[in-house]
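I opened my notebook to go through the loops and the sheet of this model. Here is what I looked up.

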Amino acid sequence: MPVSGLTSARNRWFLGTLLRIVADGDDTAGQLAVVEQRARRGFSPPLHVHHREDTALVVLDGALSVVVGEDRREIGSGGFVWLPRDVPHTFRVDSDAVHQLELITPAGFEQFHLDTSEPALSLELPPSATPDVPRLLAAIGPYDAEIVGPPLGPDD
């Protein structure tokens with residue numbers, strides 16, 4: 001799944017996914033960040049909550065199970081889900097792969113992705129990886145966000 005675009009530090013391997021920071025706070029006067037992500041079946045970030053920003057996911061190709069607070073929904077290609085601040089959320093990739101955009105407003109949380117990832121050595125998905133929860137816990141505090149639960153498992 002190659003990604004076109006910048007060949008720079010904006011291309012990242014994050015928890016076994018391929019991220020591209022399409023726009024960051026410097027590009028939008030702090031108003032918005034856009035992160036493109038490609039991930040394999042089963043990928044799920046830990047349940048987490050943002051206290052400073054709202055986020056949204058736009059599925060360009062693939063399917064997700066999304067948990068927002070007590071609500072659970074399935075979204076597919078062309079789908080959109082709003083993830084308001086102060087509401088715990090996570091998702092799981094249910095298709096073979098997903099290609100999605102994360103919209104972050106205001107910008108800032110994209111730096112967390114940079115802090116907890118490595119530069120992509122190629123514009124391909126990296127080997128699958130289990131989330132390094134201690135690394136995530138150590139890095140998330142300054143972003144006024146917190147990890148509050150595990151990722152979604154295959155039976156969740």
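I started at aspartate 86, which sits in the loop between E8 and strand E9 (89-93). Helices (H or I, at least four residues) and strands (E, at least two) are DSSP runs, numbered from the N terminus. Aspartate 86 is not a glycine, yet its phi is positive, about 70°. At 47% relative accessibility, aspartate 86 counts as partly exposed (buried is under 20% relative accessible area, exposed over 50%, partly exposed in between, with a 1.4 Å probe and protein chains only).

A note on the source: this is a predicted model, where local features need pLDDT of at least 70, side-chain atom pairs count only at pLDDT 80 or more, and totals for chains, interfaces and linings use all residues. Residues are numbered from 1 along each chain as its sequence is written, and side-chain values use heavy atoms, leaving out hydrogens and water.

Next I checked alanine 29, in the loop between E2 and E3. Alanine 29 also has a positive phi, near 55°, and counts as exposed at 69%. Most residues other than glycine have a negative phi, and most peptide bonds are trans.

I then found a cis peptide bond from threonine 105 to proline 106, with omega near -5°. Proline 106 lies in the loop between E10 and helix H1 (110-115).

Last, the sheet: I read an open one of seven antiparallel strands in the order E8-E5-E10-E3-E2-E1-E11. E8 and strand E11 (118-119) are at the edges with a single partner strand each, so one side of each has no neighbour in the sheet. Strands pair if DSSP finds at least two bridges between them; E5 (residues 54-61) and E10 (residues 97-105) have seven.
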